[in-house]
Amino acid sequence: MTISSRRPVGTVQPDREQPGKSPLRSRPAWALLAQHFQRLKDVQLRQLFANDPARGERLVAEAAGVYLDYSKNRITDETLTLLVQLARECDLEDHIAAMFRGDKINVSENRAVLHVALRAPRDARIMHDGRNVVPDVHAVLDKMADFTARLRGGEWKGRTGKRIRNIINIGIGGSDLGPVMAYEALRHYSDRTMTFRFVSNVDGTDFAEAVRDLDPGETLFIVSSKTFTTLETMSNAHTARAWLLTSLKDESAIAKHFVAVSTNAQEVARFGIDTANMFGFWDWVGGRYSMDSAIGLSTMLAIGPDNFRAMLGGFHAMDEHFRSAPLERNLPALMGLLGVWYTDFFDAQTVAVLPYEQYLKRFPAYLQQLTMESNGKHVTTDGVRVDYDTGPIYWGEPGTNGQHSFYQLIHQGTRLIPCDFIAFARTLNPLGRHHDMLLANVFAQTEALAFGKTAEEVRAEGTPEWLVPHRLFEGNRPSNTLLLDALTPVALGTLVALYEHIVFTQGTIWQIDSFDQWGVELGKALAQKIIPQLESASEPKLEHDSSTNALIRRYRKSKRPEG
């Protein structure tokens with residue numbers, strides 16, 4: 001596979017370099033979609049299915065082991081045609097080609113966006129600044145695999161000669177959410193003789209609970225920070241260092257009980273970690289796109305190199321589908337366009353992701369960063385304020401738990417909440433009728449959301465008239481159903497890549513930079529200013545607003561010992 005030589009459909013440059021480019025809302029397809037929405041907004045899914053009995057078999061797509069049923073969406077063939085037309089007017093195919101070519105599509109940071117290179121096969125060519133980065137990627141993967149084999153095989157031992165049995169990943173954001181989600185998702189494939197824990201919160205409780213029952217002599221910390229200066233991560237890392245040395249009382253123990261995922265060799269060495277045990281990555285890997293890089297070291301330690309590479313294979317299969325499939329049959333493009341349809345025409349504010357698989361309990365939390373840090377933007381790539389909604393709120397919990405919690409609002413509330421249901425045909429833990437019951441609930445919920453229950457149907461059940469409004473289900477609530485065979489490492493990689501490319505599709509349509517995150521900077525900068533004000537022995541001079549000043553004074557007074 002040679003991605004670098006693929007002939008581009010067109011030349012993609014940031015909007016600021018194309019002064020004649022039309023704003024999104026002035027595109028012909030947008031105007032046609034707005035007119036189409038007025039005709040379709042009150043049409044019921046009951047009617048659409050009645051008019052097209054084969055709709056449930058026709059409005060489906062399948063690729064890379066994922067079967068997508070999107071028939072229960074409030075769309076017609078015309079909707080799909082217009083959405084695809086909008087995608088082409090926004091040069092989606094050109095932008096896809098640009099990403100895979102290694103163009104610097106992260107405009108505000110002038111960086112390439114090459115997480116697709118992290119899962120490319122060894123013989124691929126993906127160029128960045130004139131260099132094929134794939135050999136570098138595989139060199140890191142090989143180094144990770146070698147380390148994993150030595151540790152899991154017992155060759156790597158702690159300072160006291162004990163075998164390492166506990167792994168604690170210290171990170172935050174993408175250096176935590178990806179590894180946590182992947183470990184929970186693939187726990188079935190993990191080495192059960194080992195304990196894996198994850199520390200991210202600067203709240204001391206997070207660290208204290210993670211190490212409370214562990215033997216320092218059997219514990220390895222992975223410190224994951226690209227710069228090795230991230231406040232929360234390094235605060236927790238230094239606490240871990242002190243915890244270890246309190247027991248082992250030997251500075252040389254650090255090299256046996258800490259490894260780093262970073263690019264800052266100087267700071268890693270200063271901490272006491274042998275730089276031979278530093279696993280690197282690159283500035284073209286965004287944090288929320290990094291779980292398949294060296295940031296996934298804890299994942300590889302848990303499931304082994306073969307399963308980790310299988311996961312990468314799932315990522316790559318979806319990458320290739322996204323890169324090559326026509327938009328009309330392209331799963332990420334279709335789902336991304338449907339999201340634009342609901343966000344910008346139906347005024348839907350949120351998306352519920354509902355995995356009917358207990359192992360995916362952290363998947364919605366992972367998607368929150370992936371989607372909202374990527375597309376929670378208020379200006380286009382040329383710095384112009386958008387006049388349409390971007391970045392819906394993602395949320396969710398595993399089924400069937402959510403059915404006894406927030407599904408009431410989805411079914412009978414006043415807000416339209418598009419839903420993604422994720423299910424697997426085979427369970428990894430067959431127990432009696434459990435899986436049939438689980439899948440029955442998936443299919444029942446999507447049916448109930450789409451078609452509801454009319455007042456006549458409620459009355460026919462003998463319901464008193466006064467109770468009919470309470471038992472009425474309006475239906476017409478849209479959903480996608482994603483059905484896969486089983487939750488394997490391959491399947492997890494496929495799912496994550498699917499949502500990565502949904503984000504890309506939507507960011508392209510909305511003309512925003514999905515790969516920067518300036519919105520997280522201000523609060524962190526202010527916190528750095530406030531920390532010394534909280535810790536100062538003398539009363540600090542406060543120049544914040546009256547609320548912040550009062551809160552700081554209240555906290556300082558509360559933490560002082562009485563008397």
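**Strands, cavities and ring contacts in a predicted model**

Asp382 is partly exposed, with a relative accessible area of 35%, a value that falls between the limits of 20% for buried and 50% for exposed. The model described here is predicted. Asp382 belongs to the loop that runs between H15 and strand E11 (393–395). Its C-alpha lies 27 Å from that of Leu498, and the two residues are 116 residues apart in sequence.

Strand E12 presents a contrasting case. Of the 6 residues of E12 (residues 419–424), 6 are buried, so this strand is largely enclosed by the rest of the structure. In a regular strand the side chains alternate between the two faces of the sheet. In E12, Cys419, Phe421 and Ala423 point one way, while Asp420, Ile422 and Phe424 point the other way. The residues of both sets are buried.

E12 pairs with two strands described here. Its pairing with strand E10 (residues 350–355) is parallel and extends over 4 bridges. Within this pairing, Leu354 has Phe421 of E12 as its bridge partner. The pairing of E12 with strand E13 (residues 479–484) is likewise in the parallel sense, over 6 bridges. Here Phe424 stands opposite Leu484 of E13.

Rolling a probe the size of a water molecule over the atoms shows where empty space is left. The count comes to 3 cavities of 30 Å³ or more. The largest cavity holds about 150 Å³ of space. Its lining consists of 20 residues, and those nearest its centre are Gly339, Val351, Pro418, Asp420 and Asn480. At least two residues of this lining come from each of helix H14 (331–344), E10, E12, E13 and helix H20 (489–510). H14 gives the most, with 5 residues. By class, the lining of the largest cavity comprises 12 nonpolar, 7 polar and 1 charged.

The second largest cavity has a volume of about 50 Å³. Leu151, Arg152, Arg163, Ile164, Arg165, Asp191, Thr193 and Met194 form its lining. These residues divide into 3 nonpolar, 1 polar and 4 charged.

The largest pocket has a volume of about 1200 Å³. Helix H7 (174–185), helix H9 (231–248), helix H15 (363–375) and helix H21 (521–535) are the elements that give two or more residues to its lining. The largest share comes from H21, which gives 6 residues. In total the pocket is lined by 42 residues, and Thr230, Gln517, Val520, Glu521 and Lys524 lie nearest its centre. The lining of the largest pocket includes 16 nonpolar, 17 polar and 9 charged residues.

A further element of the model is an open sheet of 5 strands, with the order E6-E5-E7-E8-E9 and parallel pairing. Strand E6 (195–199) and strand E9 (278–279) stand at the edges of this sheet with a single partner strand each, so one side of each has no neighbour in the sheet. E9 is paired with strand E8 (residues 258–261) in the parallel sense over 2 bridges. In this pairing, Ala260 stands opposite Met278 of E9.

The structure holds 27 aromatic pairs. One of these is formed by Phe406 and Tyr407, whose rings lie 5.4 Å apart from centre to centre with 40° between the planes, a tilted arrangement. Phe406 and Tyr407 are both buried. Elsewhere, a cluster linked by ring pairs contains Trp30, Phe37, Trp341, Tyr342, Phe345, Phe346 and Tyr388.

Rings also take part in contacts with lysine side chains. The charged end of Lys143 sits over the ring of Phe279, at 5.2 Å from the ring centre. Lys256 lies over the face of Trp156, and here the distance to the ring centre is 5.2 Å.

Methods. Residues numbered from 1 in each chain as written. Predicted model: local features only at pLDDT ≥ 70, side-chain atom pairs only at ≥ 80, totals over all residues. Heavy atoms only, no water. 1 Å grid on protein atoms, 1.4 Å probe; cavity = no way out; pocket = protein on both sides within 12 Å on 5 of 7 lines; lining within 4 Å. Points joined across faces, edges and corners; volume = space filled by probe spheres on them. Nonpolar A, V, L, I, M, F, W, Y, C, P; charged D, E, K, R; others polar. Buried < 20%, exposed > 50% of the residue type's maximum accessible area, 1.4 Å probe, protein only. Pairing = 2+ DSSP bridges. Phe/Tyr/Trp six-rings, centres within 6.5 Å; stacked < 30°, edge-to-face > 60°. Lys NZ or Arg CZ within 6 Å of the ring centre and 35° of its normal.
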